[in-house]
Amino acid sequence: MYESEFPLDDSVIYLNHAAVAPWPRRTVEAVKAFAEENGAFGSRNYARWVHTESLLREQLQQLLHARSPDEIALLKSTSEALSVVAWGLPWTAGDNVVISSKEFPSNRVVWESLDVLGVETRHVDLDKGDSPEAALVAHMDRRTRLLSVSSVQYANGLRLDLAKLGTACREHGVLFCVDAIQSLGALDFNVRACQADFVMADGHKWLLAPEGLAVFYCRQEIMEQIALKQYGWHMLKDPLDFDSHSREPAHNARRFECGSPNMLGIHALHASLGLILETGIERIEQRVLENTRCMLDFLAARGDRFEIVTPGTPGHYAGIVTFKPLRESPESLFEQLRQQHVACALRGGGVRFSPHFYTPREKLVAALSLLDA
Ligand SMILES: Cc1ncc(COP(=O)(O)O)c(C=O)c1O
């Protein structure tokens, strides 16, 4: 149904959106057109490019349900945005940060790096508690300054209840930071409903865009508490007044963007978001969850051959399903799948499947059928 939007080769069964996604046709075309335009006319139409940049901020505002595009910065990666937060907040020795023990390295090392300032990073085992959310909250105390979680865990696919965590953070006076790279573009994400202070996500997974351009949401009220660690013309209040000697930063999230924007990436992400917003995130979420249910049910019916790593409780899964074959190694199964043109990944001690909303059901079923072979 959505296949015509994707120029993917027919031989490929692409179940690897949690790693690096293929681009939609319109994104391929936008990148080609941008390259052609640069080759033929250079930056003659720069004003139009800047307009596309502002449209992209509006698209991201809509996707995140932010109050204003002023809360949206365009950075180069999720990791960069996490670093802006970690190294911009004013810490006092003895403060602590709470994270889960199985976070992707970017959302771990950045907090651990604060140990030189006397800040402790608490790694919480999400399996030990009444719920993963309760386990995280139980590790907060009066010295906790910030909770940082992935909205969906990259390895086992666990989806956290962000609204519950956001409420707990408000009650404890703790800042709430969400690495949303494994859900933005796949699931509805509402920064206000979950009371997030900071949200970041690169474009190359569920947002179906190239690597190297990430969204960073920063709640307006907290923005000026983040000390700036990178400087350049583009983050200034009047970026085009090159003769000015002022150092006053912009009073919106552009203050985090020090230099020239990634215009190529902006054109690509703008095109990909066009498809996502046109399709509708509710519809996308529904299809993503149906895919996951289909994979979980298939594997559950073969419990003698596979152990499912991903939680099967509705609300606690998203687009990722990780499983371990019991009669062979994950590496051997992964290699067989690769030879059959199934793009997937080895993560969390098992094989990880991550189809997107447009993945045709027949292709998903074809990949699952290979597990029976
Ligand atoms: C949860 C999570 N955070 C961050 C990243 C990396 O993001 P970036 O390369 O944009 O820094 C990944 C990539 O797999 C991820 O899964």
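**Ground rules.** I number residues from 1 along each chain as its sequence is written, and I use heavy atoms for side-chain values, leaving out hydrogens and water. As the model is predicted, local features need pLDDT of at least 70 and side-chain atom pairs count only at pLDDT 80 or more, while totals for chains, interfaces and linings use all residues.

**Entry 1: strands β3 and β4.** I took helices (H or I, at least four residues) and strands (E, at least two) as DSSP runs, numbered from the N terminus. Two strands pair if DSSP finds at least two bridges between them. I looked up β3 (residues 96-100) against β4 (residues 120-124) and found 5 bridges in the parallel sense. I noted one partner: N96 bridges to E120 in β4. Next I followed the chain through helix α4 (residues 106-112). β3, α4 and β4 make a right-handed β-α-β unit. Right-handed here means that, with the strands pointing away from the viewer, the path from the first strand over the helix to the second runs clockwise.

**Entry 2: aromatic pairs.** I paired rings of Phe, Tyr and Trp (its six-membered ring) with centres within 6.5 Å; planes under 30 degrees apart are stacked, over 60 edge-to-face, the rest tilted. The count comes to 10 aromatic pairs. Y46 and W49 form a tilted one, 5.3 Å centre to centre with 50° between the planes. Both sit in helix α2 (residues 46-64), 3 residues apart, so about one helical turn separates them. I checked burial too (buried under 20% relative accessible area, exposed over 50%, partly exposed in between; 1.4 Å probe, protein chains only). Y46 is partly exposed at 32%, and W49 is buried at 4%.

The rings of F104 and Y154 have centres 5.1 Å apart and planes at 85°, so I logged the pair as edge-to-face. F104 is partly exposed at 38%. I also found a cluster: ring pairs link Y2, F6, F357 and Y358.

**Entry 3: charges over rings.** My criterion was NZ of Lys or CZ of Arg within 6 Å of the ring centre and within 35 degrees of the ring normal. The charged end of R44 sits over the ring of F41, 4.1 Å from its centre. R302 lies over the face of F298 at 3.6 Å from the ring centre.

**Entry 4: salt bridges.** I searched the whole structure for a side-chain nitrogen of Lys or Arg within 4 Å of a carboxyl oxygen of Asp or Glu. The search finds 27 salt bridges.

I opened R143 with D95, where the closest N and O atoms are 2.9 Å apart. This pair links distant parts of the chain, 48 residues apart: R143 is in the loop between α5 (132-138) and β5, D95 in the loop between α3 (78-86) and β3. R143 is partly exposed at 28%, whereas D95 is buried at 4%.

K102 and D127 bridge at 3.9 Å between closest N and O atoms. K102 lies in the loop between β3 and α4 and D127 in the loop between β4 and α5, so the pair ties together parts 25 residues apart in sequence. K102 is exposed at 53%, and D127 is exposed at 62%.

Salt bridges that share partners join R67, E71, R170, D197, R219 and E221 into one network. Within it I looked up E71 and R67, which meet at 2.9 Å, N to O. E71 is buried at 1%, and R67 is partly exposed at 42%.
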